[in-house]
Structures are given as structure tokens and as C-alpha cells.
Amino acid sequence: MQLNTIRAAALLVGVSAFVIAASWVCGGAQGLQIGIVAVVGLNAVVYFFGDTMALRAMRARPVSEIERPELYRIVRDLATQARQPMPRLYLSPTPAPNAFATGRGPRRAAICCTTGLLRLLNERELRGVIAHELAHIRSRDTVVCSVAAAVAAAITSLTALALLLPLGDSEDEDVPSVLGALLFLVLGPLAAGVIRVGVGRSREYSADRAAAELTGDPLGLANALRKIDVGARIHPLPAERPLLTAGHLMIAHPFPLRGVNRLFAVHPPIAERIRRLQRLADTWGAR
């Protein structure tokens with residue numbers, strides 16, 4: 001738990017130091033001042049908005065118990081069993097089946113499910129997914145993942161500079177879009193690198209095992225992952241900038257594995273996760 005908090009702080013300090021050093025090398029004393037202002041702004045974004053950027057990117061809204069009583073019942077039951085605070089619940093109106101947890105700590109945590117996920121899974125499978133997200137919250141994976149998402153989003157948002165660049169007398173409205181795409185080809189790998197440094201693949205294996213231990217049902221989560229994998233191929237999320245920098249938060253990679261999207265793929269293979277859960281079921285004699 002403390003290790004993830006330290007990793008989040010180290011990631012933020014490292015990026016801040018890089019920005020300040022690059023600003024000083026490129027602009028001397030004036031560049032250093034700009035770099036310090038940029039770092040202050042970056043840290044403010046991470047602190048105030050880091051845990052909500054993914055929710056906004058997914059157009060998620062708070063969901064009430066009256067609206068989704070079965071979801072509240074499952075989350076409350078598992079949170080009580082895990083001795084964790086009840087997280088806030090959000091719903092994203094997208095057919096792509098997925099779920100994620102975010103927040104700076106267990107008392108500020110939120111779990112978001114898509115409408116596609118709730119339509120696709122039965123209660124047994126949904127319990128496995130919710131337990132997986134509660135495991136991320138308990139281990140504070142959400143802290144480092146939220147920081148990585150906010151930093152990556154701040155980096156890729158620099159593509160908006162294409163709209164501010166002086167383009168002379170050009171009246172071609174496509175020029176800023178082309179420049180923005182070119183900037184993303186440069187900044188996208190940098191943002192993906194930040195995510196890869198801050199987020200390890202082992203966290204998904206650990207959360208899968210913790211979820212299986214909480215529910216006592218490894219095969220429920222395995223079945224859910226199998227359905228989510230197929231559903232994500234049928235209904236992939238659009239590879240938009242805000243979504244790309246939040247994709248690592250989700251229980252399964254939500255984008256097609258091609259082009260720049262591959263750089264943001266930090267999840268371990270679904271097939272391997274299912275194999276590990278099936279081995280657990282065999283060891284425990286679960287069916």
C-alpha cells in the first residue's frame with residue numbers, strides 16, 4: 001500500500017524534475033520560470049482532478065441506489081466483507097463492457113461500470129469484477145494509476161498547441177488538425193512511457209487473486225474476463241486522447257491493438273489471467 005503511494009510521489013517528482021530541467025536547458029532563466037509555473041499547474045491538476053479525469057473522459061455520472069439497487073447491494077456486500085469504505089458508484093453510458101476504480105485513497109474512491117458491462121454479466125461475474133476493483137482500491141493502485149493518468153493527460157493535452165501556432169495566411173482548416181496529429185505522434189509515446197513507468201502489469205494479477213480470495217469464486221471472475229474480452233472487440237472504445245490516457249485504469253484493455261494504441265496497452269494478456277484463475281479454482285476445488 002505504502003509502496004504505491006511512494007511510486008506515485010516518485011513519478012510526479014520525476015516528471016516535475018524533467019520539465020524543470022528541460023525548460024532550463026531550452027530557455028535559460030526565463031525557461032526555468034516557465035517550467036516552474038508548468039510544474040505547479042501540473043501538480044494542481046493531479047491533486048484536484050487526477051481522480052476524476054477518467055470519470056469525465058468516460059462521461060460517467062453518479063448512479064443512485066434507487067436506480068441500480070442490485071449494483072449497490074453487490075458493492076456494499078463485498079466492501080463490508082473486505083472491511084473497506086463503500087466507494088462512490090458511477091455509470092458510463094457506453095456499450096463497451098468495462099469497469100475501473102479511481103481515487104486518491106479508500107475514503108475517496110469511486111468505481112465506474114459501463115452500461116455495456118451491466119448488460120453483459122450475470123451477478124456471479126459482476127461480483128468478481130467489483131471485487132477486482134475493490135482490490136485495486138485497497139492496495140492503493142488507484143493512487144499511482146490516477147497520477148499516471150493525470151500526467152499523461154497533461155502531456156497529450158499539449159497537442160492543443162497546434163491550434164495556437166501562427167500559420168500565416170493559411171485558410172486551410174485541416175492544418176491545425178494535421179499538426180495536432182503530428183504532435184501526438186511525438187507526445188503520445190512520452191505519455192505512454194509515463195503510464196508504463198507508473199503502472200506495472202503485476203497489479204492486475206494481484207487484483208485478480210485478491211478478488212478470487214474475497215469472493216471465493218475464481219471462475220466467476222474468469223468468466224467475466226472472457227466476456228469482457230469478446231465484448232471489447234465488438235464494442236471498442238474510440239481511441240481518443242482523454243480515453244487513451246485513462247485506459248490503463250480499466251479491468252481490460254478497451255482499445256484495438258493497432259497503431260499508437262499499442263503503446264498504451266499495459267494490461268497482461270486476458271488468456272493468461274484466465275489461466276491463473278482457473279489454476280486457483282483447481283487448487284481450491286472451486287466450481
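Which residues line the largest cavity? They are Ala101, His136, Asp141, Thr142, Cys145, Arg203 and Leu249. Keep in mind that this is a predicted model, where local features need pLDDT of at least 70 and side-chain atom pairs count only at pLDDT 80 or more, while totals for chains, interfaces and linings use all residues. Residues are numbered from 1 along each chain as its sequence is written, and side-chain values use heavy atoms, with hydrogens and water left out.

**The cavity**

- There is one cavity of 30 Å³ or more in the structure; a cavity here is a set of points, on a 1 Å grid over the protein atoms alone, where a 1.4 Å probe fits but cannot get out, and lining residues have an atom within 4 Å of a point.
- The largest cavity comes in at about 40 Å³, with volume taken as the space filled by probe spheres set on the points.
- By type, the lining splits into three nonpolar, two polar and two charged residues; Ala, Val, Leu, Ile, Met, Phe, Trp, Tyr, Cys and Pro count as nonpolar, Asp, Glu, Lys and Arg as charged, and the others, Gly among them, as polar.

**The cysteines**

- Searching the whole structure turns up zero disulfides (pairs of cysteine sulfur atoms within 2.5 Å).
- Cys112 is in no disulfide, and its nearest cysteine sulfur, that of Cys113, sits 6.7 Å away.
- Cys112 is buried, at 1% relative accessible area (buried means under 20%, with a 1.4 Å probe and protein chains only).
- Cys113 is buried too, with a relative accessible area of 1%.

Definitions and conventions
Buried < 20%, exposed > 50% of the residue type's maximum accessible area, 1.4 Å probe, protein only. 1 Å grid on protein atoms, 1.4 Å probe; cavity = no way out; pocket = protein on both sides within 12 Å on 5 of 7 lines; lining within 4 Å.
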